[in-house]
Amino acid sequence: MTKKFSFFSKDIVCVMLATFFYQFSIQAVNPLMNGYARNLGISSTFAGIIVGIMSLTSMVLRPFAGNLTDRISKYRLALIGGSLCAISDFGYLFSLGAPWLLFFRIINGLGFVLCTVCLATWMAYLVPRQHLGAAMGYYGLLNALAMAIAPALAISIYQLLGYKFIIGLAALSAVAMVVVIQLIDNRAKPSVDLKDQHFKIIQRDALPVAMIFSLLSIPYFVTQADIVMYVQERHLTITVSLFFLCYSLVLIVIRMLLKNYFDTISFGIWFAICIMATIGYIILLTIMQNNFEMILAAGLMAVGFGVMVSVSQSTELLLAPMKEQGLANATYYLGSDIGMSIGPIIGGILSTILPLKFFYPVMLLVVPLTAIIYLFNRRKLNAAVQYN
């Protein structure tokens, strides 16, 4: 009789915990970095460069991280990535000026890119292909928890205990990630002959998924960057701090309820659901006047964007060959990096060239663009669940 697979084996639980700790170390520092830099006497312009250089570093290095992940044991790469995150956090504590802060921010970007690609691929390595969707759901759940808890905690207590307390907490979290991976028995050593592997920028089969995910991430990152400004400019009496808290809570519930369906329902059905939810939350953010409408928009964003995070990641892994799983993850995360980078830029441009009432409606343009990409690739994308 076949033994039932468990997602709560020691190795899988440790990978998920490591994911939470490294994400916590990143997300606790990110919302405070601008203020911390300016508190050190750095100009607002250069502080912005310091904040953004981490994302730029990770975007440039994605292909290298993907190729390395397919060539080196996941343990070794995670150890390097987690150590770099810890080093950069301790570096922030002792930086006295802009050059050092910029340097450690680049180191943080390098650690971040290695951890994101490596740990997601390690998780996929530990589970059977037929459970990959559920695995990415659990993996995304720990990401969502860290991304909800860390910024909320950092913003809530830094005024009481100071920037350095939060940065020190982030450093300890990165150290905890390094400690946790020591407990993992299966260190995911690649079985591929390195001579047969050539350096690639992207994984071709994963590219359509990455393009769709990149487009759908733009309204999310615009909202992340500009919703406070948007609410203030519209003079709305809304508790905007509830938005991403509600988003995270709804996303956690959805991923727990739907985790087993990610492996059996085709991409096209998920895509249709996410597109309808995306249209819904963009319309609600356009017309919202109260907290109820804002919370409903947050819930629809959890469906429109949050569900697509897990669906996209499991689909690109199923489409890519086993020897290119790391490169496939790198391609997927490159789509996220692009959305993260250009989303706030688009938001800044829109707020200056268009009346505020058009700020969100313009983002509906992502709907036909993603639909075109999906239609051209629908057979391959819908067949992904049959490849496991």
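Predicted model: local features only at pLDDT ≥ 70, side-chain atom pairs only at ≥ 80, totals over all residues.
Author: Local features need pLDDT of at least 70, side-chain atom pairs count only at pLDDT 80 or more, and totals for chains, interfaces and linings use all residues. Residues are numbered from 1 along each chain as its sequence is written, and side-chain values use heavy atoms, with hydrogens and water left out.

Reader: Which residues make the contact of α9 and α12?

Author: Contact means heavy atoms within 4.5 Å. F267, G268, F271, I275 and I279 of α9 meet V367, T370, A371, Y374, L381 and N382 of α12.

Reader: What makes α3 and α4 roughly antiparallel?

Author: Helix α3 (residues 74-94) and helix α4 (residues 98-126) pack at an angle of about 150 degrees, with axes 8 Å apart. This value is set against the cut-off of over 145, and the two helices are therefore roughly antiparallel to each other. The crossing of α3 and α4 is left-handed.

Reader: Which residues touch the most other members of the largest nonpolar core?

Author: A nonpolar core is a set of buried Ala, Val, Leu, Ile, Met, Phe, Trp, Tyr and Cys residues joined through side-chain atoms within 4.5 Å. Of its 124 residues, L119, W122 and M123 touch the most other members. Helix α4 gives the largest share of this core, 16 residues.

Reader: How do you know whether A210 is buried or exposed?

Author: Buried means under 20% relative accessible area, exposed over 50%, and partly exposed in between (1.4 Å probe, protein chains only). A210 has 5% and is therefore buried. A210 belongs to helix α7, and its C-alpha atom is separated by 4.7 Å from that of Y332, 122 residues apart along the chain.

Reader: What is the phi of H235, and is this residue buried or exposed?

Author: H235 has a positive phi of about 55 degrees although it is not a glycine. Most residues other than glycine have a negative phi. H235 is found in the loop between α7 (207-233) and α8 (242-258). Its relative accessible area is 70%, so H235 is exposed.

How values were computed: Axes fitted to C-alpha atoms, helices over the stretch in contact; angles between N-to-C directions. Helix = DSSP H or I, 4+ residues; strand = E, 2+ residues; numbered from the N terminus. Parallel < 35°, antiparallel > 145°, perpendicular 65-115°, else oblique. Left-handed = near helix turned anticlockwise from the far one by under 90°.
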